[in-house]
Amino acid sequence: MREYKVVVLGSGGVGKSALTVQFVTGTFIEKYDPTIEDFYRKEIEVDSSPSVLEILDTAGTEQFASMRDLYIKNGQGFILVYSLVNQQSFQDIKPMRDQIIRVKRPML
């Protein structure tokens, strides 16, 4: 069975965990509980073959930003999440995107 490693990145409080839990379990979480790091697995079908998504829901606080290089190095796909009602959260994902390119570029 193929496995795909996906990393969810974004500022704190933008809904990374809510989106991830909604996707994995079908349940929407309304309460905000800051994440340090959560890991989820979900079986899906990719190109008619059973596969597993390993989803890493990361911390949005700058306190854990030093761990981001490791997350990116191990990730194969990335979801950058921002809030539609918070312009700063959109601006915050640009350096994350740049970091993904910087870390992954040697492998391209």
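**Salt bridges, strand pairing and surface features**

In this predicted model, the count of salt bridges comes to 6. One of them is formed by the side chains of Arg 41 and Glu 3, with an N to O distance of 3.6 Å. This pair links distant parts of the chain, since Arg 41 belongs to strand E2 and Glu 3 to strand E1, 38 residues apart. Arg 41 is partly exposed, at 45% relative accessibility. Glu 3 is likewise classed as partly exposed, with a relative accessible area of 36%.

A further salt bridge is made between the side chains of Lys 5 and Glu 54, at 2.8 Å from N to O. Here too distant parts of the chain are linked: Lys 5 is in strand E1 and Glu 54 in strand E3, 49 residues apart. Lys 5 is partly exposed, at 34% relative accessibility. Glu 54 has a relative accessible area of 10% and is therefore buried, the cut-off for that class being under 20%.

The side chain of Glu 54 also meets that of Arg 41 in a salt bridge, with 2.7 Å between N and O. Arg 41 lies in strand E2 and Glu 54 in strand E3, so this pair ties together parts that are 13 residues apart in sequence. Through shared partners, the salt bridges join Glu 3, Lys 5, Arg 41 and Glu 54 into one network. Side chains of opposite charge can pair when their charged atoms come close.

Strand E1 (residues 2-10) is joined to strand E3 (residues 49-58) by 7 bridges, and the two strands run parallel. Within this pairing, Tyr 4 of E1 stands opposite Leu 53 in E3. The C-alpha atoms of Tyr 4 and Glu 54 are 6.0 Å apart in space, although the two residues are 50 apart in sequence. Tyr 4 is partly exposed, with a relative accessible area of 23%, whereas Glu 54 is buried. E1 also pairs with strand E4 (residues 77-81), again in the parallel sense, over 5 bridges. In that pairing, Gly 10 has Val 81 of E4 as its bridge partner. In a regular strand the side chains alternate between the two faces of the sheet.

Gly 12 is partly exposed, with a relative accessible area of 38%. The C-alpha atoms of Gly 12 and Glu 54 are separated by 21 Å, and the two residues are 42 residues apart along the chain.

The loop between strand E2 (37-46) and E3 contains Asp 47. Ser 48 is placed in this E2 to E3 loop as well. Phi is positive at Asp 47, a residue other than glycine, with a value near 50°. Ser 48, also a residue other than glycine, has a positive phi near 65°. Asp 47 is exposed, at a relative accessible area of 71%, and Ser 48 counts as exposed at 64%.

Aromatic contacts were examined next. The structure holds 1 aromatic pair. Its members are Tyr 82 and Phe 90, whose ring centres are 4.8 Å apart and whose planes stand at 65°, so the pair is edge-to-face; planes over 60 degrees apart fall in that class. Both residues have solvent-accessible surface: Tyr 82 is partly exposed at 34% relative accessible area, and Phe 90 is partly exposed at 40%. A contact between a charge and a ring is found at Phe 23, where the charged end of Lys 42 sits over the ring, 4.9 Å from its centre.

Tyr 82 and Phe 90 also contribute, together with Leu 84 and Val 85, to a nonpolar surface patch of about 480 Å². Val 85 lies in the loop between E4 and helix H3 (87-104). With a relative accessible area of 79%, Val 85 is exposed, while Tyr 82 and Phe 90 are partly exposed.

Methods: Residues are numbered from 1 along each chain as its sequence is written. This is a predicted model: local features need pLDDT of at least 70, side-chain atom pairs count only at pLDDT 80 or more; totals for chains, interfaces and linings use all residues. Side-chain values use heavy atoms; hydrogens and water are left out. Two strands pair if DSSP finds at least two bridges between them. Helices (H or I, at least four residues) and strands (E, at least two) are DSSP runs, numbered from the N terminus. Rings of Phe, Tyr and Trp (its six-membered ring) pair if their centres lie within 6.5 Å; planes under 30 degrees apart count as stacked, over 60 as edge-to-face and the rest as tilted. Buried means under 20% relative accessible area, exposed over 50%, partly exposed in between (1.4 Å probe, protein chains only). A charge sits over a ring if NZ of Lys or CZ of Arg is within 6 Å of the ring centre and within 35 degrees of the ring normal. Patches are made of residues with over 30% relative accessible area and no salt bridge: like charges are joined within 9 Å, nonpolar side chains (Val, Leu, Ile, Met, Phe, Trp, Tyr) within 5 Å. Accessible areas come from the Shrake-Rupley method with a 1.4 Å probe; for residues, only the protein chains shown count as cover. A salt bridge is a side-chain nitrogen of Lys or Arg within 4 Å of a carboxyl oxygen of Asp or Glu.
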